[in-house]
Amino acid sequence: MSVQSDRELQIGSKDPEDSTRRVSLPPASYDETTKTLSISLFQKIKPISIELSNIGLLDTPAFNSQFRRLAEVLESEHEVLDSHYKENTKSSQNLIPYHLSPNLADYIFFPLSNILKQPAIDDRITTSILKIIGFLVEHIWSYKFDEKFVDELLSIVLFLSGANSSPSSGSKPIEFRAAAVDCLAMILKSVPNDYFVETANVKRMSLLGNSISFFLDNITWATNPRSQEENNLLINNLDILVNTATFKMSSDQLAHVLPGMVSNLTNFFTQSKNLHYTVIVKVVEALKVIIIKVFNDKTLNVSYKDVRQIDNLEAVNELWSQETDEDVPTNRIKIEIPSKTGIRNTAWLQATSKQLKLSLIVFFKTLLVTSSNNKSKVQTKNLLAEAIYKFSDAIMENSFLSLFNEVVPLSLDMLATTISLVATNVEEENTSIANVVKQVGILISANRENCSLFFNQIKSKLDDLITNKLTSVILSVDDEKINSYLVCIKLHLSLLNNLSKSAYNVHEAVSSNKKNIMVLLSKSLKESYIQNSQQKDNTNDLLKMLSGSQTEEGFSNKLDNVELPPNIDSKKITKIRPDQNRENVSESYSSNLMLLSNKWSEDSVTRSEPQYYFSTLYSNTIEEKFAGLIQFIAALADDDENEQTGQLELVESLFDEESEKNTLDRGIALWVANNFFINQKSSRNKINMNDYIILENDSDEEDELEEMSYLLVSKSQDLINDTSFELANAGISGNSLKVNEMSYSIALDTIGILSSKLPLEEFRSNFLRDFLYSLLEALTFRSNTLIQSHAQTAVGFILKNYYNDSLESLILDNSDYLIDNISLRLTVPSNFVPTLPGILLIIIKVAGQSLLEMNQLNDVLSEMFVIIDSYHGYSIIVEGLFMVFEEVTKQVKERYLSQNSLQIELDPDLNTSSYKPWGLTSVKQVLKLLSDSAKLTEPFESYDSTKEYFKRKPDTPFSEQAADSDDDDDDEQEPDVAEEEKWPSPVPENTYFLVQRIFNYGFVVLSQKSTSMKLQVLKTLKQTYPILTTNYKLVLVILTKNWPILLTLISGSSSLSVFQDVHEGVLPESEALIVPALEFVIEIVKEDGDRENFLGNKFIESWEFLINHSPIFGRLRKRDSFSLNSKSKQISRIEQQLTTTRLNPKVNDLLVTYLITGLNCYERTVSDLVRLDIVRVCYRMGIPSDMKLSRDVRNTLWIVKNEDDN
């Protein structure tokens, strides 16, 4: 192609070949890059254009037959165009724009124009044509704007897109719609911003309207998108809609289409069930742009008039009409727009703003309230939440006055609901509220009049939220509704507090609302609690009636067939069975103490989590939100010096005279007050500045904090006193029990909260010592888990704030008070309560060793012995006290016996036999015996000349010293001997005798009937015995004295009488005691075998009693005689029956262990025949293979086995 021909261009020739020959490329004045790009593209597109021209010039029948080929050629042409663009722009460093020659555009468009002249083309062909036109607009025609050309081109594209056609356009495929949207977007972006501003141009107005309708139609068509392509189509439509509304349309033009656009967008969103969050973000942004452009305060030049200001009679009538109309809020202002020729005037504003409000309510209710899918998207997608925040900010910044009456209040509700969805905890919620308040303050603070208007609006709305809605919302028991409402309250209260400083500096409104919120919240929670209880009672009554458990006679006012008077309700009378009730109470009390003794630990205090009070009404999150609201109210005064001294009045308002009469009212009111007190300024770590300078305000704050502390303590002490009496009543149950438990727990919380606000000395002297006993008592309430958990939390707070998480430090720091208090309660019978043993258990577990070393437990334990003497018939009391004794012995063992072990590691070369020099077990022991016998002992080797070996009486000859000795002299000399004798036990003497006293009292109370008490006493005796053996001489006397009691227990007898009926077997009560008694006696025998062998005869006596009089072998002895002198008929009978009779396996094993252990320890004391009888019986009962046997027992066992073999 020659250069001359390259410069020629003539469009309109019928001959494509001729047209191609006369194409002229850009003149030399064009940029060389454009020229180069155009030539390269021309060479690629030329054959395609020729083929398109040939097809386009065909007659209609021939043209219709070429639809498929035409579609393929058009698609290939678009691919060539697109690939050429990508090839020349793929380099990121290529900064030269992709700009082609207008002549090339004419060349490409000419064949298309011929195709468009055909009477009909299908959607596939139209789609490709729209894509090609979009390419030409973007890269060629957009660089040189021609109004007439754009008018024609826009009309053609709208026609091809179906914007002017019938509803049949709804069936267009998504590829077609996407191409049409892209093409229109290119055209609209390329036109100047004032292209549509000339309203006199009817044609352009029509084009604008058709374009917007086309975009809205595409948006509506894509309801419930199922693919990413449809999502992209929605996003592109919304983007071009926003761009057109922002840059190509005037505010008045947009005002004409505003209702339709808002309505279409709202309907689209509400009808779509699962939109992608990015689409929702685009819809919110579109609404924002449209609204703030139409309702812009600056362009409207709005003014306002407060209708509450009365200037004349007409104003009075207007105000009266508003107050009588329930739908019209009293905080409205009259917005006026100066008279203009445009559509936007005062009447338009009033009508359109109301319509806009209704549409926005529907839209945001679907987004934030009714649709769970949309709510989850708001919660998880930050972009969506940010879009809502920006929407509200734009309204406040641009349309504050224009939409003040309708949309501004709604925007605050939107913000509150969004925060309630997004915030995961109270801290995030408060942070979000603070950010919103700060942003709103920035947006409107520049205009003081706007601040005052907003203050009045917030105040009026907050009054309505509190007075008319708070109670109904809380009674609804709808968690989401309550959460959103509480956030709304906090947001409006925070805004009011902020505006009160910047607008009027009026704090009465804030204080009044804070007071109303706290009082109404307390009353509403009480009403909700009562309502829930009544519903449960009604449900239970209905179930009883439906199940037939209640007949008409059951509803009569009778008790035991006796008609009661009208003032007594038979349903509210509790029938008590004395024996059964007493048994249940005993079991519960014992099990509670047992759990405290075995499973309680200090970790349960420092790591406890309190239970929630309203878990039957609300979720735990909502209860935290209630507490967070109260704490938020208290925190509002931190930055306001004028409100810091009014906090006490708010708390006092909770405790009015009416509420003081009801436990539930008092408990909930105290719960509200506690949460309010949490956010008060602490003086615990505060430097006392009064030492340096007098600050009057600080003094007032500290005085108020102290007064508030005393007020809360007084209320909590009253609650503890009243509810503790009710909780001690065994007949209390149901709702009354729950109310008292909750109130008691709330009162305990008060002490923990106070610990975080006051210095240690002030807290300890004024509060802790009055409540420490109650706190420790509550720790024992295992059957009342609510009370116990909150007691643990309260004690945990105290430990964390003052005692480095050490409960022992707390008890030792207040030990004098605690011990005196407990001693007083033990001394006065009327003050003795069942929880005392539990409290002592905890104290001794935690600080028992230190208290024993300081001798602070002696008085308490002495009083416990007095109680046992006085109330030994009350087995429950005695059992509880012996659990305490058991813990005392555990602490003594841990303190003195774990570090100073009694079992000294013996040298294997030493002979430890009690019958040495017999009992040698190794060659080394023999050699040592021979070595020791060869030694010569000096007669005065151990003589000490400085020691006085004899006590001489003054003025008495030596010969009379020994003769002159009577009882008085012996009594006088005994103290001297005692002083010289060294105390052999590692346990201090006073502690040893204290444990010995426990041991003695244990044997005393074993004569009682209660089996559970005996089991506990035996358990305590077994714990105590190792301590007493550290001075074995002293314990032997006690064992000898009380051996008959032990023999009675291990034999399963009721006494040692030989005339009792023992042929019916062991009673169940006695059988339960045999196991612990045998375990205890086995320990005694083992210890005696290692020491003095003093109890050998006692062992033989026990064997004789067991075999002759024990109910264990009672059935086997029936009508048989028995002799120990030979293998008598009785022994044979017992051996035979033992093979078929089933004893308790545990009892069987322990009896064998006891008998074999006795033989091992007392082998030289027991005669051969007795040993033979014992081994025979044990062999039949079964000797464990791992049991250690002495030499004599092994030999005897061999004889018994051989007897069987023979």
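Predicted model: local features only at pLDDT ≥ 70, side-chain atom pairs only at ≥ 80, totals over all residues.

On the helix 5 side, the contact is made by Phe67, Leu70, Ala71, Glu72, Leu74, Glu75, Glu77, His78, Leu81 and Tyr85. Helix 7 contributes Arg124, Ile125, Ser128, Ile129, Lys131, Ile132, Phe135 and His139. Sorted by class, the residues of this contact are ten nonpolar, three polar and five charged.

Now some context for the chain. The protein chain has 1206 residues, and 47% of them count as buried. It contains 49 helices and four strands. Take the contacts between residues at least 6 apart in sequence: 76% of them join residues at least 24 apart.

Next pair: helix 13, residues 277-294, and helix 16, residues 346-370. At what angle do the axes of helix 13 and helix 16 cross? The angle is roughly 165°, and the axes come within 13 Å. Angles over 145 degrees count as roughly antiparallel, and helix 13 and helix 16 are therefore roughly antiparallel to each other. Their crossing is left-handed. The residues in contact are Ile280, Val283, Val284, Leu287, Ile291 and Val294 from helix 13, with Trp348, Leu356, Leu360, Phe363 and Leu367 from helix 16. By class, that contact has eleven nonpolar residues, no polar and no charged ones.

The third pair is further along the chain. Helix 36 spans residues 836-853 and helix 38 spans residues 875-897; their axes come within 9 Å and cross at roughly 25°. Helix 36 and helix 38 are therefore roughly parallel to each other. What is the handedness of the crossing of helix 36 and helix 38? It is right-handed.

From helix 36, the residues that meet helix 38 are Pro837, Leu840, Leu841, Ile844, Lys845, Gly848, Gln849, Leu852 and Glu853. Their partners in helix 38 are Gly880, Leu881, Met883, Val884, Glu887, Val888, Gln891, Val892, Glu894, Arg895 and Tyr896. The class count for this contact is eleven nonpolar, four polar and five charged residues.

Leu711 is in helix 30, residues 696-727. Is Leu711 buried or exposed? Its relative accessible area is 18%, and the cut-off for buried is under 20%, so Leu711 is buried. Leaving out residues up to four places away in sequence, Leu711 touches Leu648, Val651 and Glu652. Leu711 and Val651 are 60 residues apart in sequence, with 8.8 Å between their C-alpha atoms.

The other residue is Ser823, in helix 35, residues 815-827. Ser823 counts as buried because its relative accessibility is 13%. Which residues does Ser823 touch, not counting those up to four places away in sequence? They are Asp859, Val860 and Glu863.

How values were computed:
Residues numbered from 1 in each chain as written. Heavy atoms only, no water. Axes fitted to C-alpha atoms, helices over the stretch in contact; angles between N-to-C directions. Helix = DSSP H or I, 4+ residues; strand = E, 2+ residues; numbered from the N terminus. Parallel < 35°, antiparallel > 145°, perpendicular 65-115°, else oblique. Left-handed = near helix turned anticlockwise from the far one by under 90°. Contact = heavy atoms within 4.5 Å. Nonpolar A, V, L, I, M, F, W, Y, C, P; charged D, E, K, R; others polar. Buried < 20%, exposed > 50% of the residue type's maximum accessible area, 1.4 Å probe, protein only.
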